[in-house]
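Student: I have a new structure open and I'd like to learn how to read it. Can we go through it feature by feature?

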Amino acid sequence: MTMLRLGSLFDGIGVFPLAAVRCGMEPVWASEIEKAPISITMRHFPDMEHLGNVTKLDGRDLPPVHIITFGSPCQNLSQIGNRKGLAGEKSSLFFQAIRIIRERDEQNRQKEQPANRQMGIKRAWGVSRAQKP
């Protein structure tokens, strides 16, 4: 069985990777900009790649993972914050996570298309999965 692989955006101190390891998954990469949290994560997960600023990442270039987690900054959402919501400078980083996931999905779809097309052709010609081409 293939071990599930995890990427973590806005990683902080590596709580998502910690949970992943406890569930039998492999944390592969993380994105964080604060030095103190990165040092904690590096101590716990020395083999995990640290990719830096989420705004500089391209989802198509990230190492492949099955799961992408993120806990984007919430300062603009909280009662004690300035309550600008997702339009706020920090909380709007949420949209960076969505962008990266979409880029990743786009790349995965492009890789899968030829195989899916081939299966569609085989089905159209009456070739089942059990039959060898």
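Student: Let's begin with Ser8. Which element does Ser8 lie in?

Tutor: Ser8 lies in strand β1. Helices (H or I, at least four residues) and strands (E, at least two) are DSSP runs, numbered from the N terminus. Before we go on, a word on the source: this is a predicted model, where local features need pLDDT of at least 70, side-chain atom pairs count only at pLDDT 80 or more, and totals for chains, interfaces and linings use all residues. Residues are numbered from 1 along each chain as its sequence is written, and side-chain values use heavy atoms, with hydrogens and water left out.

Student: Is Ser8 buried or exposed?

Tutor: Here's how to read that: buried means under 20% relative accessible area, exposed over 50%, and partly exposed in between, using a 1.4 Å probe and protein chains only. Ser8 counts as buried because its relative accessibility is 0%.

Student: What is Ser8 in contact with, leaving aside its neighbours within four places in sequence?

Tutor: Contact means heavy atoms within 4.5 Å. With those neighbours left aside, Ser8 touches Phe16, Pro17, Trp29, Ala30, Ser31 and Thr69.

Student: Now the wider view. How many helices and strands are there in the protein chain?

Tutor: The chain has three helices and four strands. Reading from the N terminus, the order is β-α-β-α-β-β-α. Of the 133 residues, 27% are buried. As for contacts between residues at least 6 apart in sequence, 50% of them join residues at least 24 apart.

Student: Next, charges. How many salt bridges does the structure hold?

Tutor: The general idea is that side chains of opposite charge can pair when their charged atoms come close. A salt bridge is a side-chain nitrogen of Lys or Arg within 4 Å of a carboxyl oxygen of Asp or Glu. This structure holds four. One of them joins Arg5 and Glu26, at 3.5 Å from N to O. That pair links distant parts of the chain: Arg5 sits in strand β1 (residues 5–9) and Glu26 in strand β2 (residues 26–31), 21 residues apart. Arg5 is partly exposed at 24% relative accessibility, and Glu26 is partly exposed at 32%.

Student: Where do Arg99 and Glu103 lie?

Tutor: Both are in helix α3 (residues 94–124), four residues apart, about one turn of the helix. Arg99 is partly exposed, with a relative accessible area of 24%, whereas Glu103 counts as buried at 12%.

Student: Which residues are linked in a network of salt bridges?

Tutor: Asp58, Arg60 and Glu106 make up that network. Within it, the closest N and O atoms of Asp58 and Arg60 are 2.9 Å apart. Asp58 is partly exposed at 23%, and so is Arg60 at 35%.

Student: What about rings? How many aromatic pairs does a search of the whole structure find?

Tutor: Rings of Phe, Tyr and Trp (its six-membered ring) pair if their centres lie within 6.5 Å; planes under 30 degrees apart count as stacked, over 60 as edge-to-face and the rest as tilted. The search finds two pairs. Phe94 and Phe95 form an edge-to-face pair, 5.3 Å centre to centre with 80 degrees between the planes. Phe70, Phe94 and Phe95 together form one aromatic cluster. Phe94 is partly exposed at 26% relative accessibility, and Phe95 is partly exposed at 44%.
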